[in-house]
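Colleague: I'm new to this. Could you show me how to read helix packing?

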Amino acid sequence: TEAHITACEAATGLNAFITPTFDLARAQAAASDMRRKSGDVGRLEGAPLGMKDLFCTEGVKTTAASKILGDFTPPYESTVSANMKADGMVMLGKLNLDQFAMGSANETSCFGPVINPWRNGEDLVPGGSSGGSASAVAADLCLGATATDTGGSIRQPASFTGTVGIKPTYGRCSRYGIVAFASSLDQAGPIAKTVEDAAILLQSMAGYDAKDSTSLNETVPDWRAACGQSVKGLRVGVPKEYTIDGMPKEIEDLWAEGIEWMRDAGAEIVDVSLPHTKYALPVYYVVAPAEASSNLARYDGMRYGLRVDGENLADTYERTRTEGFGDEVRRRIMIGTYVLSAGYYDAYYLRAQKVRTKIADDFRNAWETCDVLLTPTAPSAAFAVGRKINDPVQMYLNDVFTVTANLAGLPGISVPAALDGSGLPLGLQIIGKALDESTVFTAAGALE
Ligand code: GLN
């Protein structure tokens, strides 16, 4: 713990932490030592970890990287962080993120951008929204960190920082106490240094929780045991629709290389088709803002968080929300409100929901001929800070390979696979069947 605190103090330039909790970490480490002496060792005993600042932590400020939460200090703990505490975690602090987890570069935080520890002459983004988590793990500021993934926010930052990130099946991790973005898509998961570490962390985070009505009442298998198993005979699907226009050659090459590694390890490579893939990004950018606009209605300046007094009630709402929400969050609220409004609902929201079902059906059909899918995680390596922040569509295109798993509720992992021409990490993604994280961990091991 002390070594990690020293590393954190030396790396403030990365801006990975919003609220460091070093005193708490020291107290937790001391309590952990006591438990260890009495032979009572939890799954995460004494492990110095980071917590994305989207998870409510009792007594520790939780911001979602937005001014609108003010100095909100939750009176309760998210189920995921409670599970990890019960397993002996040491929490080093709350990690920076895109505001309300909306973004792909960690540049929408009201606390400023997070810097990727990987550089090629300029400051690069760590990906987003879990950029603080990815940057902190990649820079060895913590052994692992929690993250959340609504459209790729665990996997894309993992790809940009040379770390491993898994989004489990929707419902595996309780959403209780996680600040909501798009409730039908949001899932928690870890960012870690190795596939095995990711399995250990996810094992602690996951599990049924009666406090989340979408939590799955399913036993959590021994995921660590699945790591390092042979992929001999595993059917690995390669979806042709993931070859997109303008895909950089190095991403195509990396994908081809990944296919070869799988083949060499004894897997069977199968061509598959997911015909509705091209609609995934547009569907996501209707469904996610729609749910966000509804979830964010609670920030009204009355109940908790920021309040900017106005002339009357409506004026107070307006001032509070104008001052409290950042540009990207306001953009999402406007899109979401628009697609849900009478007259447009059928044309946008309802249509998007129908296509979402088609996308899920595509995967179901694919599982008839393969066990997992192999794709790139992101269409590029990390890019320079500031390069895309003023072009939302360019930013949204980052999520083209990741949103499909969220729309279908499937587990997906990103594994660092290679370095690009300028020495930056690139990830490959494995998508698996619902509840089949075990096979995802096994397949991921073959790419590591
Ligand atoms: N980049 C996507 C978005 O901005 C996904 C974010 C996420 O997964 N939280 O919506």
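This is a predicted model: local features need pLDDT of at least 70, side-chain atom pairs count only at pLDDT 80 or more; totals for chains, interfaces and linings use all residues.

Colleague: What describes two packed helices?

Modeller: The angle between their axes and the distance between the axes. Here helix H9 (residues 280-295) and helix H12 (residues 346-366) have axes that come within 9 Å and cross at roughly 125°. Axes are lines fitted to C-alpha atoms, for helices over the stretch in contact, with angles from 0 to 180 degrees between N-to-C directions. Helices are DSSP runs (H or I, at least four residues), numbered from the N terminus.

Colleague: Which residues in H9 and H12 meet?

Modeller: Ala280, Val283, Val286, Val287 and Ala290 in H9 meet Tyr348, Tyr349, Ala352, Val355, Arg356 and Ile359 in H12. Contact means C-beta atoms, placed from the backbone, within 7 Å.

Colleague: And how do H9 and H11 cross?

Modeller: The axes of H9 and helix H11 (residues 327-340) come within 7 Å and cross at roughly 100°, so the two are roughly perpendicular. On the H9 side, the contact includes Val286, Pro289 and Ala290, and on the H11 side Ile333, Gly336 and Leu340 are among the residues.

Colleague: Where are the domains?

Modeller: The domain assignment, automatic or from a database, gives domain 1 (1-276 + 361-448) and domain 2 (282-347). Their C-alpha centres lie 27 Å apart.

Note on methods:
Residues are numbered from 1 along each chain as its sequence is written. Two residues are in contact if their C-beta atoms, placed from the backbone, lie within 7 Å. Angles under 35 degrees count as roughly parallel, over 145 as roughly antiparallel, 65 to 115 as roughly perpendicular and the rest as oblique.
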